[in-house]
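Come and look it over with me.

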Amino acid sequence: MEYSHIIVRYGELTLKSGNRNDFLKKLTKNIKLNFKNFKNYHIQTKRDRMYIFLDNNLYIKEILNKLKIIPGIHSFSPVLKGKLNIEEAKMNIDKLLSEKTKQNYKFKIQTKRANKNFEKNTNELNNIFGSYVLNNYKNLKVDVKNPDFIINVEVRSEGIFIFTDIIKGVGGFPVNTSSKVLLLLSGGIDSPVACRLLQNKGVEVEMIHFQSPPFTSKEALEKIFTLSQKLSEIVGTIKLHVINFTKLQTEIVKNIKSNYTMTSTRRHMLKIADKLSKNENIYAIATGESLGQVASQTLESMQCINEVTNMPILRPLLTMDKIDIIKIAESIGTYKISNLPFEDCCTIFTPKAPKTKPKLEKILKYEKEQENIFNSLVDECLETKKTYLINKDSINLLEDKKETIEEDDFKELL
């Protein structure tokens, strides 16, 4: 089947008014970014939909797979386009049905007549094309309530479009059309999924990762780079801040009552994220927390942890089941990476019996006793920050002297 076009539908973007054009420009740019390895196509962006013109179908499968993951696309369809001519439309229906002639199918004709000047109305077109199919394809029967497939006919000013498939996109808004969020990225399953859900809503995501060498390994950091590269695929480039958390984490373990160490650890991570966000002009902090999943993710724990910041805390996975989170992780390609057996700093000092309902007054009391030391170490952690610009092909370490680290050079970096 040689399709001539792909129709892209915007979904939520059609609700925008004054800034719709800005959103559509960004969506067009993101599509071109994801299509950079493809040739022989061009894009026409219109108010209510986008047309991707195909010179050939050489990369059609790859193109359709890319469109499935690009935020801002509600749905899309590979189509056959003809002139405003009923006989030519019938020929395109024949092409479309070439693969549906060997079995008995039920079908439905669904016509949309956006071009009100066309000579035939919707009912007349349904009758013309329905009769044509019934007369020429004896294995096909009409069933308007429960068809096996729908032959969609759209009559527009540009011509008549024929298609059967409507492929669902991720919806949302084009990436990086909203303000920045700082995501706490661990090596687990949840936080990469939270990142992708935020990206799907147009949020520009920067990430912060806490490492505690030598308790966390070099391979654990390599895993974070690999996750970051996977998450950068739909946005082009993503920024990752890596913090050395060893001194502060060991002081917490030494000085805080054991069942409150997890609470204090999370509080200090959030303090560091808060300071970094304000330095980077970021407006919210995000996590991969899901309600009740572990001890630090009860409402009581979240209340104690949130107390250290007045910034909004976004939790895209808050009410999701683990099974659903895993399904998303598998679909975006992060699940296998997250399951690599390398520990992160959240797991190395996990207490035997962490508090699931910590009291704010108690944690404030414990931290008050070492307040000066903890505050000093928070600042010291920020001084260890290394920032990377990451895309699927390389990792750029941002320092006074910028250096590029290719994937094969992880060990030299570490």
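Here are my notes, from the whole chain down to single pairs of residues.

**Entry 1: the whole chain.** I began by reminding myself that this is a predicted model. I looked up the secondary structure and found 15 helices and 17 strands. The C-alpha atoms fill a box of roughly 85 × 45 × 45 Å along the principal axes. Of the 414 residues, 50% count as buried.

**Entry 2: surface and charge.** The protein exposes about 20400 Å², and carbon and sulfur atoms supply 48% of that area. I then looked up the charges, 64 positive and 50 negative, and their mean positions lie 6 Å apart.

**Entry 3: helix α10.** Which residues of helix α10 are buried? I found Ile325, Ala329 and Ile332. They sit on the same side of α10, because they cover an arc of only 75° around the axis. The face turned away from the buried side carries the exposed residues Ile323, Lys327 and Ser331. I looked up the packing partners too, and the buried residues of α10 pack against α5, α6 and α11. Just after α10, Gly333 takes a positive phi of about 85°.

**Entry 4: salt bridges.** I counted 20 salt bridges. One of them joins Arg49 and Glu154, with the closest N and O atoms 2.7 Å apart. This pair links distant parts of the chain, since Arg49 belongs to strand β3 and Glu154 to strand β7, 105 residues apart. Are Arg49 and Glu154 buried or exposed? Both are buried. I also noted that Asp48, Arg49, Glu154 and Arg156 are linked in a network of salt bridges.

**Entry 5: back to α10.** Lys322 and Asp190 meet in a salt bridge of 2.7 Å, N to O. Lys322 lies in helix α10 and Asp190 in helix α5, 132 residues apart. Lys322 is partly exposed, at 32% relative accessible area, whereas Asp190 is buried, at 10%.

**Entry 6: one more pair.** Asp379 forms a salt bridge with Lys275, the closest N and O atoms being 2.9 Å apart. Here helix α14 holds Asp379 and helix α8 holds Lys275, 104 residues apart. Asp379 is partly exposed at 35%, and Lys275 counts as partly exposed at 37%.

Conventions. Residues are numbered from 1 along each chain as its sequence is written. This is a predicted model: local features need pLDDT of at least 70, side-chain atom pairs count only at pLDDT 80 or more; totals for chains, interfaces and linings use all residues. Side-chain values use heavy atoms; hydrogens and water are left out. Helices (H or I, at least four residues) and strands (E, at least two) are DSSP runs, numbered from the N terminus. Buried means under 20% relative accessible area, exposed over 50%, partly exposed in between (1.4 Å probe, protein chains only). Accessible areas come from the Shrake-Rupley method with a 1.4 Å probe; for residues, only the protein chains shown count as cover. Lys and Arg count as positive and Asp and Glu as negative; His and the chain ends are not counted. The place of a charge is taken as NZ of Lys, CZ of Arg, CG of Asp or CD of Glu. The arc is that of the directions from the helix axis to the C-beta atoms. Contact means heavy atoms within 4.5 Å. A salt bridge is a side-chain nitrogen of Lys or Arg within 4 Å of a carboxyl oxygen of Asp or Glu.
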